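Colleague: Can you walk me through this one? Keep it simple, please.

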Amino acid sequence: MQRYKLTVAYDGTNYSGFQVQPNVRTIQGELEQALQRIAKGEFVRIHGAGRTDAGVHAAGQVCHFDFPFYISEEGMLRAINANTPSDIVPQKVERVSDTFHARYDACGKMYEYRLYTGKQADPFKRLYAYHHPHALNVERIKQALQHFKGEHDFTSFSAVNAEVDSRVREIYEACLIQEGTDYILRFSGSGFLYNMIRIMVGTLLDVSDGKLDPDAIPDILQAKERQAASRTASPVGLKMVEVYYKDEE
């Protein structure tokens with residue numbers, strides 16, 4: 001068996017998330033079908049660094065898989081590209097050791113949430129950016145973002161049904177970037193819980209709209225109760241940007 005590391009970009013609009021599920025299209029399912037064709041009918045399981053929800057996009061999702069025979073990195077990249085739909089585009093293929101694991105070896109991830117404001121929604125942005133009808137209070141958001149940095153228990157910012165041993169995560173970067181008429185909330189951290197970024201974004205929008213004080217974030221974290229935070233924002237603006245590994249630092 002040959003183990004490969006795959007970096008892949010995808011538009012999540014037409015998929016029910018990354019993880020394979022019965023009777024629906026998923027990113028994992030499409031990639032496994034492609035690899036099965038390349039492997040001449042032999043099933044190949046892929047393992048992703050993270051699971052993105054329905055409608056969530058990725059620029060740098062990372063997976064690994066064991067393949068039954070040798071193909072060069074360039075040949076594997078071409079073969080996967082030839083067997084995947086146009087909204088799933090492999091970016092890079094690398095041969096790795098048999099001990100490499102896309103999820104467990106990851107030391108961090110970066111996500112971005114894109115949104116725009118204004119009275120009217122833009123139909124050309126509807127799949128890739130969330131429309132918030134009110135003007136953003138940039139200073140209030142930036143003040144609130146500072147409270148997310150560092151190591152915290154993010155129970156208040158995770159789905160109640162998240163199945164994890166610990167809800168403690170470390171946030172390395174939390175910032176707001178303006179790009180033309182769009183705003184990007186960027187988060188880098190050791191890892192993220194189910195719905196964590198979307199709940200953080202929903203809470204930050206309430207801060208911007210004056211429904212919450214920017215300095216309420218520490219109290220929300222301390223509460224360790226999902227209802228202490230705000231709504232879960234739409235998946236539309238969310239994108240997995242990059243996965244970090246120690247050997248790449």
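Modeller: Start with a term: a salt bridge is a side-chain nitrogen of Lys or Arg within 4 Å of a carboxyl oxygen of Asp or Glu. Now the ground rules. This is a predicted model, where local features need pLDDT of at least 70, side-chain atom pairs count only at pLDDT 80 or more, and totals for chains, interfaces and linings use all residues. Residues are numbered from 1 along each chain as its sequence is written, and side-chain values use heavy atoms, with hydrogens and water left out.

Colleague: How many salt bridges does the structure hold?

Modeller: There are 10. Take Glu32 and Arg45: their closest N and O atoms are 2.9 Å apart. Glu32 lies in helix α1 (residues 27–38) and Arg45 in the loop between α1 and β2 (46–48), so the pair ties together parts 13 residues apart in sequence. Helices (H or I, at least four residues) and strands (E, at least two) are DSSP runs, numbered from the N terminus.

Colleague: Is Glu32 buried or exposed?

Modeller: Glu32 counts as buried, at 4% relative accessibility. Arg45 is partly exposed, at 37%. Buried means under 20% relative accessible area, exposed over 50%, and partly exposed in between (1.4 Å probe, protein chains only).

Colleague: New topic. What are the domains?

Modeller: Domain 1 covers 2–95 and domain 2 covers 107–245. Such bounds come from an automatic or database domain assignment. The centres of the two domains, taken over C-alpha atoms, are 27 Å apart.

Colleague: How much area do they bury between them?

Modeller: About 1,200 Å², 58% of it on carbon and sulfur atoms. Buried area is the accessible area (1.4 Å probe) that two parts lose on being put together, summed over both. In domain 1, Asp53, Val56 and His57 lose the most area to domain 2, together 37% of what that side buries.

Colleague: How many salt bridges are there between domain 1 and domain 2?

Modeller: One. Arg198 and Asp53 meet in a salt bridge, at 3.1 Å from N to O.
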